[in-house]
Amino acid sequence: MNKSDFYYDLPQELIAQTPIEPRDASRLLVYDRKTGVTEHKHFYDLTELLRPDDMLVINNTKVLPARITGVKEGTGANISFLLNKRIDAVTWETVCRPAKRAKLGTKLTFAPDMTGTVVKEGDEGERTVRFEYEGVFENILMRIGEMPLPHYIHGELKDKDRYQTVYAKDSGSSAAPTAGLHFTERLINELKNKGVEFVKVLLHVGLGTFLPVKTDSVENHKMHSEYYMLTDEAAKRINAAKKAGRRVIAVGTTSVRVLESCARSDGTVAAGSGETSIFIYPPYKYKAVDALITNFHLPESTLVMLVSAFIGREKTLELYRTAVENKYRFFSFGDACCFL
């Protein structure tokens with residue numbers, strides 16, 4: 001398949017620049033694969049759409065304020081770094097701008113209590129930086145860092161928590177698992193009271209989620225890798241749901257990546273952790289995921305391809321055209337879809 005097979009036309013004014021309040025007031029395009037019916041709802045309508053025995057699988061990663069500025073030793077030049085992936089306790093893979101100013105061996109000061117040295121160069125602005133600091137690294141980031149909003153969001157986010165899910169816990173992401181941004185504590189409690197079960201998995205979202213497919217042939221695209229973890233307890237609960245014939249609903253493409261990376265041929269999952277570079281596109285056959293809640297994704301992106309593998313390419317593009325016609329809000333701060 002070619003990446004152009006996954007293109008759709010999106011007016012710029014439909015790219016959401018700010019989050020909606022309250023979170024669960026966002027719109028929800030619902031498509032039932034069994035009946036073929038499409039409905040226009042709101043996210044809070046999940047209390048009516050979901051069954052008492054459904055299971056929602058959520059990604060509890062927490063976004064780091066990963067955009068930091070360093071002052072170059074010797075010249076005083078300001079250089080921007082975006083933390084992408086943790087290599088070890090003090091070393092991070094980053095994306096740097098302007099990269100030409102951060103050659104191998106460059107020393108930088110990020111704060112009075114944190115410095116860094118470039119220890120490796122990449123071809124497209126990647127720089128591996130080894131940090132030296134006093135105290136807790138995450139606490140320093142909370143003080144000096146900015147939230148790493150996607151390139152298509154041009155405004156400043158005044159409330160950092162609006163780029164976090166309400167259940168975010170384990171720090172390590174460079175981007176939010178955006179389908180989860182729609183949940184409120186109230187909605188979660190209502191769903192739990194109805195009998196819906198929540199299971200937490202972990203995938204630290206890297207900047208690779210925004211990388212364009214550069215090859216014309218989809219099969220030739222090199223997928224980025226991201227750290228995931230599925231605990232023994234979570235695997236047991238998911239497998240019990242599968243055995244009972246209950247629906248396992250992935251909240252977001254990141255939860256999909258965890259579940260399908262751990263899935264066996266019979267639809268059950270195996271606990272584990274590590275790096276996953278799973279690339280899901282048609283004609284991939286889903287094993288563990290029965291339904292999907294997700295946002296609207298960029299044209300020709302790997303995430304549109306993932307959705308296309310779930311409901312079909314033509315149906316995906318048809319629903320996206322319907323969303324455009326009905327003025328849905330797109331991308332990270334936009335509205336959501338629910339594919340049952």
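Strand 6, strand 7, strand 9 and strand 10 each give at least two residues to the lining of the largest pocket. Strands here are DSSP runs of E with at least two residues, helices are runs of H or I with at least four, and both are numbered from the N terminus. This is a predicted model, where local features need pLDDT of at least 70 and side-chain atom pairs count only at pLDDT 80 or more, while totals for chains, interfaces and linings use all residues. Residues are numbered from 1 along each chain as its sequence is written, and side-chain values use heavy atoms, with hydrogens and water left out.

**The pockets**

A pocket is an open set of points on a 1 Å grid over the protein atoms alone where a 1.4 Å probe fits, with protein on both sides within 12 Å along at least five of seven lines; lining residues have an atom within 4 Å of a point. Points are joined across faces, edges and corners, and the volume is the space filled by probe spheres set on them. In the table, Ala, Val, Leu, Ile, Met, Phe, Trp, Tyr, Cys and Pro count as nonpolar, Asp, Glu, Lys and Arg as charged, and the others, Gly among them, as polar.

| Pocket | Volume | Lining by class |
|---|---|---|
| Largest pocket | about 1,200 Å³ | twelve nonpolar, eleven polar, 13 charged residues |
| Second largest pocket | about 410 Å³ | 16 nonpolar, eleven polar, four charged residues |

Asn84, Val95, Glu126, Gly208 and Leu211 lie nearest the centre of the largest pocket. Which strand supplies the largest share of its lining? That is strand 6, with five residues. For the second largest pocket, the largest share is three residues, from helix 5.

**The barrel**

Six strands close into a barrel in the order 5-6-7-10-9-8, with antiparallel pairing; two strands pair if DSSP finds at least two bridges between them. From one strand to the next, the twist averages 45 degrees. Strand 9 (residues 114–121) and strand 10 (residues 126–133) share seven bridges, and Val118 has Val129 as its partner in strand 10.

Nine strands form an open sheet with mixed pairing, in the order 2-1-17-16-14-3-12-13-15. Strand 2 (38–42) and strand 15 (272–276) stand at the edges with a single partner strand each, so one side of each has no neighbour in the sheet. Strand 14 (residues 248–251) runs parallel to strand 16 (residues 291–295), joined by three bridges, and Ile249 stands opposite Ala291 there.

How values were computed
Axes are lines fitted to C-alpha atoms, for helices over the stretch in contact, and angles run from 0 to 180 degrees between N-to-C directions.
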